[in-house]
Amino acid sequence: SDVDYERRAACEALQLAGAEGAPAIPKLVKLLDDVNDGVSAFCADTLIKIGAAAVQPLEVVLAEAVEPGLRLHAATALVRIDSNHEAARKALMAAFTGIGNAKIADKAAEVIVKQKGHLVGLLVAGLEDQFAPVRLRSAVALRKIGKPAASSAEQLVKVAQTKARSVELR
């Protein structure tokens with residue numbers, strides 16, 4: 001449909017079908033790149049509800065997409081289907097650390113935080129990033145996650161001590 005609401009409503013209806021919505025995957029994959037970001041987000045949620053059958057088509061999108069928003073939608077869907085999906089985790093972290101696209105970085109941070117601790121390892125790696133804004137963004141995201149990120153406390157202290165010593169030496 002040319003009407004945004006109708007495309008979104010179709011995605012919502014397919015979410016109710018869950019795995020039985022799998023025949024719609026080819027059309028849903030195309031909607032990940034919709035002109036309306038809200039429709040794209042509903043589409044990603046629908047692919048998540050479909051589950052395992054959507055993984056391979058999403059992997060193709062992730063591998064071929066150059067547009068950051070499309071890559072983020074594909075990576076988001078993949079990590080929400082399987083939080084250990086390596087390519088999706090890498091793409092999500094690339095979006096999170098992306099310099100020059102604050103909107104994409106903010107959305108990636110939101111996705112990581114919403115995973116309630118399943119992606120803490122990405123943020124711990126972000127604490128070691130060479131760029132201070134990425135380290136800070138990682139620490140802030142860990143704080144937002146809260147208790148599920150408790151395993152990162154030792155690394156946070158280590159980074160804080162290292163940075164404090166480097167400031168003292170100047």
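Trainee: Let's start with Tyr5. Is Tyr5 buried or exposed?
Mentor: Tyr5 counts as exposed, because its relative accessibility is 55%. Exposed means over 50% relative accessible area, buried means under 20%, and partly exposed is in between, with a 1.4 Å probe and protein chains only.

Trainee: Where does Tyr5 lie?
Mentor: In helix α1. Helices are DSSP runs of H or I with at least four residues, strands are runs of E with at least two, and both are numbered from the N terminus.

Trainee: How far apart are Tyr5 and Ala102 in space?
Mentor: They are 27 Å apart, C-alpha to C-alpha, and 97 residues apart in sequence.

Trainee: What should I know about the model itself?
Mentor: It is a predicted model, where local features need pLDDT of at least 70, side-chain atom pairs count only at pLDDT 80 or more, and totals for chains, interfaces and linings use all residues. Residues are numbered from 1 along each chain as its sequence is written, and side-chain values use heavy atoms, with hydrogens and water left out.

Trainee: Back to α1. What about Ala10?
Mentor: Ala10 is also found in α1, which covers residues 4–17. Ala10 counts as partly exposed, because its relative accessibility is 39%. The C-alpha atoms of Ala10 and Phe42 are separated by 9.3 Å, and the two residues are 32 apart along the chain.

Trainee: Zooming out, how many helices and strands are there in the protein chain?
Mentor: The protein chain has 10 helices and zero strands.

Trainee: And what box do the C-alpha atoms fill?
Mentor: Roughly 60 × 30 × 25 Å, taken along the principal axes. Of the 170 residues, 41% count as buried.

Trainee: How much of the contact is between residues 24 or more positions apart?
Mentor: Such pairs account for 58% of the contacts with a separation of 6 or more. Contact means heavy atoms within 4.5 Å.

Trainee: New topic. At what angle do α5 and α7 pack?
Mentor: About 5°, with their axes 11 Å apart. Helix α5 is residues 68–81 and helix α7 is residues 102–114. That makes α5 roughly parallel to α7. The axes are lines fitted to C-alpha atoms, for helices over the stretch in contact, and angles run from 0 to 180 degrees between N-to-C directions. Under 35 degrees is roughly parallel, over 145 roughly antiparallel, 65 to 115 roughly perpendicular, and the rest oblique.

Trainee: Which residues meet there?
Mentor: From α5, Pro68, Gly69, Leu72, Thr76 and Val79. They meet Ile104, Lys107, Ala108 and Val111 in α7. By class, that contact has six nonpolar, two polar and one charged residues. Ala, Val, Leu, Ile, Met, Phe, Trp, Tyr, Cys and Pro count as nonpolar, Asp, Glu, Lys and Arg as charged, and the others, Gly among them, as polar.

Trainee: What does Leu92 touch?
Mentor: Beyond its neighbours within four places in sequence, Leu92 contacts Leu72, Ala75, Thr76, Val79, Ala108, Val111, Ile112 and Leu119. Leu92 lies in helix α6, residues 86–97. Leu92 counts as buried because its relative accessibility is 0%. The C-alpha atoms of Leu92 and Ala75 are separated by 5.9 Å.

Trainee: Last one. What volume does the largest pocket have?
Mentor: About 360 Å³. Of the 14 residues lining the largest pocket, the closest to its centre are Thr76, Arg80, Glu110, Val111 and Lys114. On a 1 Å grid over the protein atoms alone, a pocket is an open set of points where a 1.4 Å probe fits, with protein on both sides within 12 Å along at least five of seven lines, and lining residues have an atom within 4 Å of a point. Points are joined across faces, edges and corners, and the volume is the space filled by probe spheres set on them.

Trainee: Which helix gives the most to the lining?
Mentor: α3, with five residues. By class, the lining has five nonpolar, three polar and six charged residues.
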